[in-house]
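Have a look at the sequence and the 3D view, and then we will follow the strands to the ligand.

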Amino acid sequence: MDFSLTDEQQQLRRTVREFAESEIASHVMDWDEASHFPSEIIPKLAELGLLGVIFPEEHGGAGLGYIEYVLAIEELARVDGSVGLIVAAHNSLCTNHIYKFGSEEQRRKYVVPLAQGQKLGCWSLTEPEAGSDAGGTRTVAARVGNGWVMNGSKTFTTNGHWADVCVAMAVTDRSKGSHGISAFILEKGMPGFHPGKKENKLGMRASDTSEVVFTDCRVPAENLLGQEGEGFINSLQVLDGGRISIAALALGMAQGALEAAVKYAKQRKQFGKAISEFQAIQFKLADMATQIEAARLLVYHAAWLADQKGARFTKESSMAKLHASEVAVRVANEAVQVLGGYGFIKDYPAEKYYRDVKLGTIGEGTSEIQRLVIARQLLSKR
Ligand SMILES: Cc1cc2nc3c(=O)[nH]c(=O)nc-3n(C[C@H](O)[C@H](O)[C@H](O)COP(=O)(O)OP(=O)(O)OC[C@H]3O[C@@H](n4cnc5c(N)ncnc54)[C@H](O)[C@@H]3O)c2cc1C
């Protein structure tokens with residue numbers, strides 16, 4: 001068993017950390033306050049290969065694996081969860097769905113520009129009436145002539161307003177239940193396809209979360225993604241990888257919150273000494289660090305499994321996401337406590353971590369749904 005990162009992995013971590021600290025850190029609160037989507041850093045993320053981390057070079061990607069991917073998301077989220085979320089939805093949801101289930105022609109047409117970062121992607125499964133129960137999708141795609149006509153709407157799509165390419169699920173045969181939902185690739189500018197309401201959020205405010213609407217939207221036959229009727233089943237596999245990225249996102253934010261608390265505890269003086277000298281504060285910091293380290297092991301293990309050819313990692317990715325996101329909520333809460341009143345004030349970073357981390361327990365399946373996934377895996381074993 002080898003827990004060490006390779007020289008290349010350590011270098012990648014350093015590069016992303018330097019980028020996040022020099023290009024993102026100083027803007028974080030302005031972007032958050034204004035709910036500003038940081039489109040200006042998308043070309044820079046592309047230049048670093050972060051929009052195609054897990055895809056082979058021949059398909060425009062960086063040719064790296066999930067370990068490198070989680071390191072990158074963790075480092076971005078340590079500084080700004082929103083940027084980590086933009087990158088996660090683009091890589092492991094939209095682009096990966098096309099890469100895993102698309103034809104070679106679709107890979108050439110869509111994965112290459114997405115992985116190179118010339119285009120931005122989004123992935124739409126959730127609907128107003130179909131959240132945890134995503135199999136209850138109502139958006140429909142009806143065969144008309146040689147193609148399809150889509151009608152309906154999706155909610156809570158990350159990157160929805162900014163994406164050039166959208167993978168969306170729609171019912172193609174209601175009588176077949178979860179085997180009657182298909183995936184389609186939509187492109188910005190297709191008549192009848194447009195973003196709708198942009199959500200005003202508690203946290204992750206620099207990440208765009210939007211409605212996506214289909215009104216008599218004509219989709220060419222060649223934009224069916226994967227086998228007809230298998231879009232929902234394929235989505236579950238896509239989410240296995242996606243959940244590792246949300247786990248890494250939570251981990252990075254927890255690490256950022258811990259570092260903010262340690263820094264503050266060493267500077268803040270009360271009763272004539274730094275508050276870091278009080279054992280009550282030390283115990284908080286020690287618990288935060290220990291919980292983060294335990295979460296990190298689960299996340300890296302799930303990422304390592306995802307990199308093993310043919311390995312199943314449904315249970316491990318759900319465990320990593322469940323644990324890391326719940327730890328991040330606890331750690332961010334304690335960070336606010338360590339900063340006292342200043343933890344509640346926007347001049348200090350703790351309150352933003354506190355708001356941002358909550359998404360980890362909701363997006364790509366709530367904590368309750370992760371427990372259902374894990375239990376199903378346990379109970380299905382003979
Ligand atoms: C910022 C943000 C970004 C998102 N990005 C995307 C995206 O890019 N693409 C996309 O498709 N979706 C996205 N989502 C949607 C997200 O995946 C859903 O919000 C999530 O799956 C929960 O669905 P829901 O909000 O409808 O909650 P509901 O399903 O209505 O759940 C409400 C509560 O009931 C609980 N619950 C539901 N069913 C059960 C059950 N069987 N057993 C026990 N408890 C249950 C839930 O755990 C939760 O506590 C995003 C959401 C947010 C907030």
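## Strands side by side

Strand β6 (residues 193–198) pairs with β7 in the antiparallel sense, over 4 bridges. Two strands count as paired if DSSP finds at least two bridges between them. Strands (E, at least two residues) and helices (H or I, at least four) are DSSP runs, numbered from the N terminus.

## How to read the model

This is a predicted model, in which local features need pLDDT of at least 70 and side-chain atom pairs count only at pLDDT 80 or more, while totals for chains, interfaces and linings use all residues. Residues are numbered from 1 along each chain as its sequence is written, and side-chain values use heavy atoms, with hydrogens and water left out.

## Around the ligand

Which residues come nearest to the ligand? Of the 18 around it, they are Thr-126, Ser-132, Phe-156, Thr-366 and Glu-368. A residue is near if one of its heavy atoms lies within 4 Å of the molecule. By class, this shell has 6 nonpolar, 9 polar and 3 charged residues. Here Ala, Val, Leu, Ile, Met, Phe, Trp, Tyr, Cys and Pro count as nonpolar, Asp, Glu, Lys and Arg as charged, and the others, Gly among them, as polar.

β3 gives the most to the shell, with 3 residues.

## Polar contacts

A polar contact is a pair of N or O atoms within 3.5 Å. A backbone N or O atom of Phe-156 lies 2.9 Å from a nitrogen atom of the ligand. For Glu-364, a backbone N or O atom is 3.3 Å from a ligand oxygen atom. Glu-368 uses its side chain instead: a polar atom there lies 2.7 Å from an oxygen atom of the ligand.

Notes:
Polar contact = N/O pair within 3.5 Å; in protein donor to acceptor, adjacent residues only side chain to side chain.
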